[in-house]
Amino acid sequence: MPRQVDHDRRRRQIAEAVWRLAVGGGLEEVTLRQVAAEAQVSARLLQYYFGTRADLLLGALKILNEDAEHRARERLALLGETPGMHAIVRGVLLELLPVDEERRTRHLVYAAYFVRFLTDPDLAGVARDAPRALEDLVAGLIAQGQATGQVPRRVDAAAEAAFLVAGAEGLQSGVLLGQRTADEAVAVIDHQLARVFTVKPA
């Protein structure tokens, strides 16, 4: 177990170095040597843990996604035992917004990966599948809201989920660019959710 803990710590140390370089200037010109220097490890150790540059970028992204999921679950748990579908959907969508430093940094890293998403088949698969999975999750939560009377039956759960996720992702870019504040973005999300969740849970 201690060896596995050290292994995980080293992998995270290297992944965090990739994230810092990504936020600092993008990933297009980042080399294994630069990542090793940033992580303060040898190039040989870096290759031992991740292999090629492509494997490194994919591995760092996987760790970032695992972190994001873990933090999202923690925040959703703080909503209480029976928060209602409205609160859960809101919590899920807020994970897509840079409303605090942690989420801002994460979304800046994702932005740095964007060009790689367009040109790298392996990374493209990750980028292509994630939004649809999130849409399916939100659609399922809206459907549960319909079952409990919080959402009208006439609402198309899949269409609303697609709109809400796409809207949150668009707001994310606007906040990162300074076009609107995080509070303004949250207010837009709340406005849209009020259309969907018209009845508060009993």
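Which residues is R103 in contact with, leaving aside its neighbours within four places in sequence? In this predicted model, R103 is in contact with R75, L94, E95, L97 and P98. R103 lies in helix 6 and is buried, with a relative accessible area of 8%.

**Charged pairs and their network**

The count of salt bridges comes to 16. R106 takes part in two of those described here, with E95 and with E102. At 26% relative accessibility, E102 counts as partly exposed. Salt bridges that share partners join R71, E74, R75, E95, D100, E102, R103 and R106 into one network.

A further salt bridge is formed by E16 with R12. Both residues lie in helix 1, four residues apart, which is about one turn of the helix. E16 is partly exposed at 27% relative accessibility, and R12 is partly exposed with a relative accessible area of 32%.

| Salt bridge | Closest N and O atoms |
|---|---|
| E16 and R12 | 3.0 Å |
| R106 and E95 | 3.6 Å |
| R106 and E102 | 2.8 Å |

R12 is also in contact with D67, as is W19, when neighbours of D67 within four places in sequence are left aside. D67 is placed in helix 4 and is partly exposed, with a relative accessible area of 24%. The C-alpha atoms of D67 and D6 are separated by 18 Å, the two residues being 61 apart along the chain.

**Nonpolar cores**

The largest nonpolar core has 29 residues, and those with the most contacts inside it are I14, V18, W19, V35, L46, L56 and Y113. At least two residues of this core come from each of helix 1 (2-25), helix 2 (32-39), helix 3 (43-50), helix 4 (53-77) and helix 6. Helix 4 gives the most, with seven residues. A second, separate core of 28 residues includes V138, A139, A161 and V175.

Y113 is in contact with V18, L27, L57, A60, L61 and L123, leaving aside its neighbours within four places in sequence. F114, next in the numbering, is placed in helix 6 (residues 101-119) and counts as partly exposed at 48% relative accessibility. Together with V115 and L118, F114 makes a nonpolar surface patch of about 310 Å².

How are the buried residues of helix 3 arranged around the axis? These residues are L46, Y49 and F50. They cover an arc of only 80 degrees, and therefore lie on the same side of helix 3. The face turned away from this buried side carries the exposed residues R44 and Y48.

Most residues other than glycine have a negative phi. Q40, which is not a glycine, has a positive phi of about 60 degrees. Q40 is placed in the loop between helix 2 and helix 3 and is exposed, with a relative accessible area of 71%. Helix 3 is followed by G51, whose phi is positive, near 85 degrees.

Terms used
Residues are numbered from 1 along each chain as its sequence is written. This is a predicted model: local features need pLDDT of at least 70, side-chain atom pairs count only at pLDDT 80 or more; totals for chains, interfaces and linings use all residues. Side-chain values use heavy atoms; hydrogens and water are left out. Patches are made of residues with over 30% relative accessible area and no salt bridge: like charges are joined within 9 Å, nonpolar side chains (Val, Leu, Ile, Met, Phe, Trp, Tyr) within 5 Å. Accessible areas come from the Shrake-Rupley method with a 1.4 Å probe; for residues, only the protein chains shown count as cover. A salt bridge is a side-chain nitrogen of Lys or Arg within 4 Å of a carboxyl oxygen of Asp or Glu. Buried means under 20% relative accessible area, exposed over 50%, partly exposed in between (1.4 Å probe, protein chains only). A nonpolar core is a set of buried Ala, Val, Leu, Ile, Met, Phe, Trp, Tyr and Cys residues joined through side-chain atoms within 4.5 Å. Contact means heavy atoms within 4.5 Å. The arc is that of the directions from the helix axis to the C-beta atoms.
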